[in-house]
Structures are given as structure tokens and as C-alpha cells.
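Please consult the sequence and the model while reading.

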Amino acid sequence: MTQQVKKKNSRPEWLGIVKKYQTPSPWRSTWQVLNSFIPFVAIWVLMYFSLQWSYWITLGLAVINAGFFTRLFIIQHDCGHGSFFKSRKANDTLGSILGVLSMTPYFHWRKMHAKHHATAGDLDFRGFGDIDTVTVEEYQRFTRWERFRYRFFRHPITLFVIGPIWLFWIAHRIPLKAHKNDKKERASVHWTNLALVVIAVGVGLWIGFDKLALVHVPIVMIGSIGGVYLFYVQHQFEDTYWRRHEDWEYARAALEGSTYFRLPKLLQWFSGNIGFHHIHHLSPLIPNYMLEKAHKENKLFQDVETLTLGSSIRTVFLNLWDENLNRLISFREYSRRYERAGAS
């Protein structure tokens, strides 16, 4: 990031910039719900009928519907930030409904996600909705078992295949991170689970549990894998922002610790503009459909880390935060810098 952007980032003028984009449009929000939910249901029904023709057709349609699944999750995400509608009740009602569809308990997720926004990039407050990341120094203190466990967790198969399965099918079913006094958050987990059971039993008895699984499981799997990858690459890049709490700055964490993930237009649409992640972290109150406009109209938001689908692949192999270098490094680089150098 240039000195110009860093200088702007340190001044409160960004507050005035983002304020221009924070007012949701009821018509645009309603239209986004319609153009996301109706196609999702239509393709779901088409997938059911396609089972009698070829399951390859069903899987092809699942890829498309996973895009709508992701888009509906982004709407739920906006509701959680209170940015989709002006009314908090409207946001919470729609968010709770979509939380059942996405298998994500709305109020529990909302609280954890708010903590993520408040602590992203803060080395002393990790573990709130982020990908577990340890520093080189911490890794050096690990036992052999702890190193194996961390390497296993950071392996691409674990992160992008096992991880989404664990998160959406298991972790979201148990209020593990909800405090015992967080009655609303814990209740949202139980009510979401109950709603999922009722819907699954009802639809399963209607069309058959095997057909329900053949249709819905691929949608959730593909959508969750894509969603986890989107989230990962937008924070886990080489020159991302991690600082100890005393040196941590909110605006710098947003603009330097989040990427602009420049996606093809279709994928940008399906992902609800979440690729403009640096702007979203700077101001979560901006509705997703205003993020691109904010990006185009302000130089401050353009001179940031930019990734494409191709360049994002490299981020998958970055594993440890090096506080000496102020960047993420791979296990291979760690071995070259610290283990081989120490042996010699």
C-alpha cells in the first residue's frame, strides 16, 4: 500500500467517505432477495426432476445453485450487520430465515462475526471467526504433536474440504463458542437445528430422503467450499495485516488486512460483491450492492492488495505469520529460514 493510502487511512476522513454508501435501498434489497431466492428454488426443483435423467445433470445444476446458495448467505451476512434493511427487525427476520437455509444459526453467527470484524488482524485477539494462524515464534514452541496438528489443519484438503463439512454440518449445530449467558445466541442454534429437522423430515417424507440428499447435499458442499475459499483468500495473503494489540489500528486492519478479490463479473454477482472485502471491513454498514460503487468512486479503496482467481492460489500455501518479516510465509520457507539455517 502506498504512503498516500496509509496517510489517508490514518485520518478520520474515511468516515465521511463510507457514510455516503451506508443507506440501504428497500427496493434494491427486495429485488436482490427475489432474484436470488426464486432461482434457487426453481433450480432445486429442476435438480429433483433431473434425477430421473442423469445425476451428472443434477450435479451440473448443483454447481449453479451453489452460486445462489452463496448469494443468499451474503444477504444473511448483510442482515447480520444491519446493512440490508433500515429496520433491525426486518434484518433479523430475513437473516433468521436464511440462516435455516444456509444451516447457520443467525444470532449465534452474528455475534461471532461481529467479534471477527472487531479483532481482524489483532494478534492478541485471534480465534473469532478467522482461520487459525500462529506466529513463527509460537510454532517453534510447539511440541511435535502440536506441529503435526497445525500442519494438518492448514493443509488445503483440511481447509477447503474437511473444514466446510465440519463448519456447516457439525460446528453450527453445537453452540460451542456461545457463553452460557448468551441465551439468544444459544437459542438460535437450537431453533435452527429444530427447523432443519422439521424441514428435512417433511421434505424427505414427501420426495424421499435419498432424493433430498442427492439434491441438497451437493449444493451445500459446493457452496460452503466456495464460501470458505472466498473468506480465506481475503485475509490470508502474504502482506496481510497482523499486529499486536497495542499497535493495532482498525482502519489499517481493514484496508491492509483485507483484499480486493477481483472476480469475473458472474462470480462477483454470485458472491454478492464480497470481493470488495477491504471496503466491507472498513464499513460493514455498507450494503453489498453499494460496495462496487464505493470502490470505483474513491482512490483510497483502489490502491490495495488485489487478487485474482489465478493469483489467489498462492495464498493457499501460506501458513505462518513471521513477526520479523511482517508477512505470511509457507512451511517450506520456514524450514529454509529457521530450521536449515539453525542446523548449519
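Helices (H or I, at least four residues) and strands (E, at least two) are DSSP runs, numbered from the N terminus. This is a predicted model, in which local features need pLDDT of at least 70, side-chain atom pairs count only at pLDDT 80 or more, and totals for chains, interfaces and linings use all residues. Residues are numbered from 1 along each chain as its sequence is written, and side-chain values use heavy atoms, with hydrogens and water left out.

**Loop residues with positive phi**

- Most residues other than glycine have a negative phi.
- Met 103 lies in the loop that joins helix H5 (88-101) to helix H6 (106-119), and its phi is positive, near 60°.
- Met 103 has a relative accessible area of 7% and is buried (under 20% relative accessible area, with exposed over 50% and partly exposed in between; 1.4 Å probe, protein chains only).
- Asn 273 occupies the loop between helix H13 (265-270) and helix H14 (277-282); its phi is also a positive value near 60°.
- Asn 273 is buried, at a relative accessible area of 12%.

- Helix H12 (residues 250-257) has seven of its eight residues buried, so it is largely enclosed by the rest of the structure.
- The buried residues of H12 include Ala 254 and Leu 255.
- His 278 belongs to helix H14 and is buried, with 0% relative accessibility.
- Beyond its neighbours within four places in sequence, His 278 is in contact (heavy atoms within 4.5 Å) with residues including Ala 254, Leu 255, His 295 and Phe 301.
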